[in-house]
Amino acid sequence: MAGHSKWATTKHKKAAIDAKRGKLFARLIKNVEVAARTGGGDPAGNPTLFDAIQKAKKASVPADNIDRAVKRGSGAESGGADYETIMYEGYAPGGVAVLVECLTDNRNRAASDVRVAFTRNGGNLADPGSVSYLFTRRGVVIVPKTDGLTEDDVLTAVLDAGAEEVNDLGESFEVISEAADVVAVRTAVQEAGLDYDSAEAQFVPSMEVEVDVEGARKVLRLIDALEDCDDVQNVFANFDASDEVMAALDEED
């Protein structure tokens, strides 16, 4: 899981940048609205909505925006869009597999934007099923590091809830489980008195492609372009970059 962990660390750094640009806010609000539509507007009875709201709050999305998204999604307020989830598959330069998760009310716009992002950044779209078999849907809970908190502490808290492994991401711990166990793991984290940054199902690569500095730069350029698309919610890639490669890229920023 080393490659995934480094990528997860990179994603958290990118999330801070995205938040400044307002890109992250739009995605998080959309998540809240869709969760309310599919499972109802009460977070107590809709764990997906609960986690979507918590993630939005962690990113400092204003409470009024969150409340309006819940109302739109649950039908208590008009104006909600009819979003659908669409997965696109493709390759980044160097043969790195890429999964793109879109949440859109305009299928044609989403397809066009994703295709342009791939072609302009040295990648190419692939047929459905071409790369998805390289990823597994997993539960991922991110627990921030606090004074004295160790990997063993986190593992002890979540082991009985279905967690399979805990990875050290540097500034936080990543807890991996079956996708169906993510709510149980998050609940165990809370009951242990620990904070958490996010709890959601993600696509985790089962095999990875080693990249050098130039390769990582090209992959991240494509991912940035994809994440700039309004309909793109998440991008998953199966590249593995060493600490030295990631450090070299950080120096360029």
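Buried residues have under 20% relative accessible area, exposed ones over 50%, and partly exposed ones lie in between (1.4 Å probe, protein chains only). The views below show a predicted model, in which local features need pLDDT of at least 70, side-chain atom pairs count only at pLDDT 80 or more, and totals for chains, interfaces and linings use all residues. Residues are numbered from 1 along each chain as its sequence is written, and side-chain values use heavy atoms, with hydrogens and water left out.

View 1. Val-96 is found in strand E2 (residues 96–104); helices (H or I, at least four residues) and strands (E, at least two) are DSSP runs, numbered from the N terminus. Val-96 counts as buried because its relative accessibility is 0%. Apart from residues up to four places away in sequence, Val-96 touches Gly-90, Tyr-91, Val-209, Val-211, Val-219, Ala-237, Asn-238 and Phe-239, where contact means heavy atoms within 4.5 Å. Although Val-96 and Val-209 are 113 residues apart along the chain, their C-alpha atoms are separated by 6.2 Å.

**View 2. Strand E2 and its cover.** Nine of the nine residues of E2 are buried. On one side these are Val-96, Val-98, Val-100, Cys-102 and Thr-104, and on the other Ala-97, Leu-99, Glu-101 and Leu-103, so that both faces of the strand are covered.

**View 3. The four-stranded open sheet.** The strands follow the order E3-E1-E2-E9, with antiparallel pairing; two strands pair if DSSP finds at least two bridges between them. Strand E3 (124–126) and strand E9 (232–237) are the edge strands, each pairing on one side only. On average, neighbouring strands of this sheet are turned by 30° against each other, direction ignored. Axes are lines fitted to C-alpha atoms, for helices over the stretch in contact, and angles run from 0 to 180 degrees between N-to-C directions. Helix H2 (residues 23–39) packs on the sheet and touches E2 and E9, its direction making about 105° with that of E9.

**View 4. Strand pairing around Glu-101.** Strands of a sheet pair through backbone hydrogen bonds, either parallel or antiparallel. Strand E1 (residues 84–92) is joined to E2 by nine bridges, and the two run antiparallel. Glu-101 of E2 is the bridge partner of Met-87, and Glu-101 also stands opposite Asn-234 in E9. Five bridges join the antiparallel strands E2 and E9. The hairpin of E1 and E2 has three residues between the strands, and Gly-94 takes a positive phi near 90° there.

**View 5. Packing of helices H5 and H8.** Helix H5 (residues 107–120) packs against helix H8 (residues 213–227) at an angle of about 160°, with the axes 9 Å apart. H5 is therefore roughly antiparallel to H8; angles under 35 degrees count as roughly parallel, over 145 as roughly antiparallel, 65 to 115 as roughly perpendicular and the rest as oblique. Val-114, Ala-117 and Phe-118 of H5 meet Leu-222, Ala-225 and Leu-226 of H8 in this contact.

**View 6. Strands E4 and E7.** Eight bridges join strand E4 (residues 135–144) to E7, and these strands run antiparallel. Phe-135 stands opposite Pro-205 in E7. Strand E7 (residues 198–205) is mostly covered, with seven of its eight residues buried.
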